[in-house]
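Here is a walk through a multi-chain model, taken one piece at a time. Keep the structure open as you read.

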Amino acid sequence: MSKELMKGNEAIGEAAIRAGCKLFFGYPITPSTEIVEYLAKYLPKAGGTVLQGEDEVASINMCYGAATTGTRVMTASSSPGFSLKQEGLSFLAAAELPVVIVNVNRVGPGLGGLGPSQADYFQCTKGGGHGGYRQIVLAPSKGQELYDFTLEAFDLADRYRTPVVIMADGFLGQMMEPVELKKPAQAELPAKDWTVGGCRGRAKRKIASYALTNEVGEANNLHWQAKWARMQDTLQRWESFHAEDAEYLIVGFGTCGRIAKSTVLAARRQGLKVGLIRPITLWPFPVKAFADLGGVKGILTVELNFGQMVEDVKLAVECRTPVFSHNRVGGMMPSEGEILRKLGQVFGLAVEV
Amino acid sequence: MAKVVVLGEYCKSCGLCVAACPRKVLAIGDKANSKGYYVAVPADPDKCIGCGLCGTVCPDLALEIYK
Amino acid sequence: MQKVFGRPQGLTDLPFHYCPGCTHGIVHRLVGEVLEELDIIGDTIGVAPVGCAGFSLDFFACDFVGAAHGRAQAVATGIKRALPDKIVFTYQGDGDIAAIGTAHAIHVAARGEKITTIMVNNAVFGMTGGQMAPTTIGGQVTTTSPYGRDCALVGAPIDLPKTVATLNGAVYVAACAVDTPKNILQAKKCIKKAFQVQQRGLGYALVSVLSTCPTNWGLSPVDCLKWLQENMMPVYEMGELKMTEEVKAL
């Protein structure tokens, strides 16, 4: 199959169309804007509609409405805009509505800047909104994965009746790469027998998430938790790269995972047994990747924030091996060389950079 | 011939029907429903002309009118 | 004898949870009757707000969706865009639509979103216990304006229907009240028209209904009607505020 050269954000848009997304509600914000632009141009030709909301709050709630009908729907934003969607995400999780949400991270906090960042890790994976909910978070590391994961996100959302977040960053969203425009997998998905759309010929349905009594409130929470536990058990995904015999592991996702790959190769050239674990599902976090640490003497996490995923790594490792972190912030990216230097420094290794 | 029927379990004793009835058919009775509200009653049922004003103002669909 | 007045099919049999004398129930009945008369119960999706009417999703016989506070119209937009042939309406209190939801109230009208909004205005946040709303009347005592609403401090009440009427996409805007049988019948006519506007796909329709809150106003249900007439009606422009030629022809 031929490949097309496209911007990461455009790959997301194209995947959404091919996944059967019929509605997109969004609001422009750098560095995610090309998603709404691309869809505004091409979704109508595929029989869909793009509606620019008055704000991010409107957009996520429009998604909520569309999702109650069983229609495939998506929104996209970047960090400050993603913040505004948090209440809506909590409602989506509680009402168990399938929506795909793209967060092309930019620098924060506050207005921050336009550079790449992974500082929304906590917000995406820990439930940025109120009430203690979970949502699937996928972390692509290249154009092809932006496409593939977006395609798959719609199936995951439908299968588990949940919001699914694609957590990318400005670097991935803006970069042009060749992308193979694969057809969506013919997944067998549960029937959407819960949607609203007029009760002619059937009993009325309602979709809401309130509980008037604490007993009902607890029962609801137990129901959601059981689903999240099932997802934690079945959905963990990661990529292992030279990890089998590694003495030192780098852990990085998205853009950092990509940079870490070349770091691993550079280290191997120097005879250092370095490997990589690249989490693909940030929630559920791939705890299973750290079940058997074998001869691993230490772990170095690499993130575009001051250390967020490192907390999940430490929880997964449970003090069996030391965990250090290397961080760049404000839109700056770590180089292969500086990661190598950090490896040498924290683990007392002789490295050549 | 007209008749107003009070659905006791729906009534909340608000008194709007009593105030709206031009013929003073309705009054708040002395029997409470399961929620403890003293239910409106057709105290003077023969005067009912079935105008429907009581039903129109009742916020709880507690009245049915027959003609 | 035949039953000439009773519960419309547009409502479920569930007794309303509203306080005694609260006129939400009257507005519910009017909407229920309109749904039945237009034969659209099976084609309609309602969107409930947060507030006293947050539980209205149990009372109407049609499909219903519960929205976050203020977001009912954004949710309704999503439903209508997904199902353009269905009837979609929001049922919202003044606190929900005229405070936290104002942006959506303006923009659904600007877009001419083909939905119907029923706004029930009782001049307070009822569910939370009678706090000041943007619709609270000057001088009105609430738990957050214990000395009376000071308009010099917090501004004058917002007349949302009047504002919405200025927007092109709003083709029908009416301000009604449920204080007297006559006005209740008039409110029903307006509500019916607001649904017919949507059936014909003419644009956005809003009906505001001045309503009472005996519990939080601290008045008897009957006295509340008088208070509404004396205090709210002079502040809010009443009647059919906007009707395009197409709507007039309905």
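Which residue in strand 1 of chain C is the bridge partner of Ile65(B)? That partner is Phe5(C).

## What you are looking at

This is a predicted model, in which local features need pLDDT of at least 70, side-chain atom pairs count only at pLDDT 80 or more, and totals for chains, interfaces and linings use all residues. Residues are numbered from 1 along each chain as its sequence is written, while chains are lettered from A and ligands numbered from 1 in the order in which they are written.

## Where C meets B

The Phe5(C) bridge belongs to a strand pairing across the two chains: strand 4 (residues 63-66) of chain B runs antiparallel to strand 1 of chain C, with 2 bridges. To count as a pair, two strands need at least two DSSP bridges between them. Strands here are DSSP E runs of at least two residues and helices are H or I runs of at least four, numbered from the N terminus.

Chain C puts 22 residues into this contact and chain B puts in 25; contact means C-beta atoms, placed from the backbone, within 7 Å. On the chain C side, strand 1 (3-5), helix 1 (24-37), helix 7 (181-199) and helix 9 (221-232) each supply at least two residues. Helix 1 of chain C gives the most, with 4 residues. By class, that side has 13 nonpolar, 6 polar and 3 charged residues. Nonpolar covers Ala, Val, Leu, Ile, Met, Phe, Trp, Tyr, Cys and Pro, charged covers Asp, Glu, Lys and Arg, and the others, Gly among them, are polar.

## Where C meets A

Over here, 28 residues of chain C and 32 residues of chain A make the contact. Helix 2 of chain C gives the most to the chain C side, with 8 residues, and that side divides into 15 nonpolar, 8 polar and 5 charged.

There's a strand pairing here too: strand 10 (residues 206-207) of chain A and strand 3 of chain C run parallel, joined by 2 bridges. Lys206(A) has Phe64(C) as its bridge partner.

## Chain A on its own

Chain A has 12 helices and 16 strands. Its radius of gyration is 21 Å, close to the 20 Å from the globule rule for 353 residues, so chain A is as compact as a globular protein of that length. That radius is taken over C-alpha atoms, and the rule is 2.2 Å times the number of residues to the power 0.38. Buried residues make up 54% of chain A.

Most residues other than glycine have a negative phi, and most peptide bonds are trans. Chain A has a cis peptide bond between Thr30(A) and Pro31(A), with omega about 5°, and another from Gly108(A) to Pro109(A), with omega near -5°.

Leu61(B) has a positive phi of about 50°, and Asp39(C) has one of about 55°. Are these two buried or exposed? Leu61(B) is buried, with 24 other C-beta atoms within 10 Å, whereas Asp39(C) is exposed, with 10. The cut-offs are 20 or more other C-beta atoms within 10 Å for buried, 12 or fewer for exposed, and partly exposed in between, with C-beta atoms placed from the backbone.

Notes: Contact = placed C-beta atoms within 7 Å.
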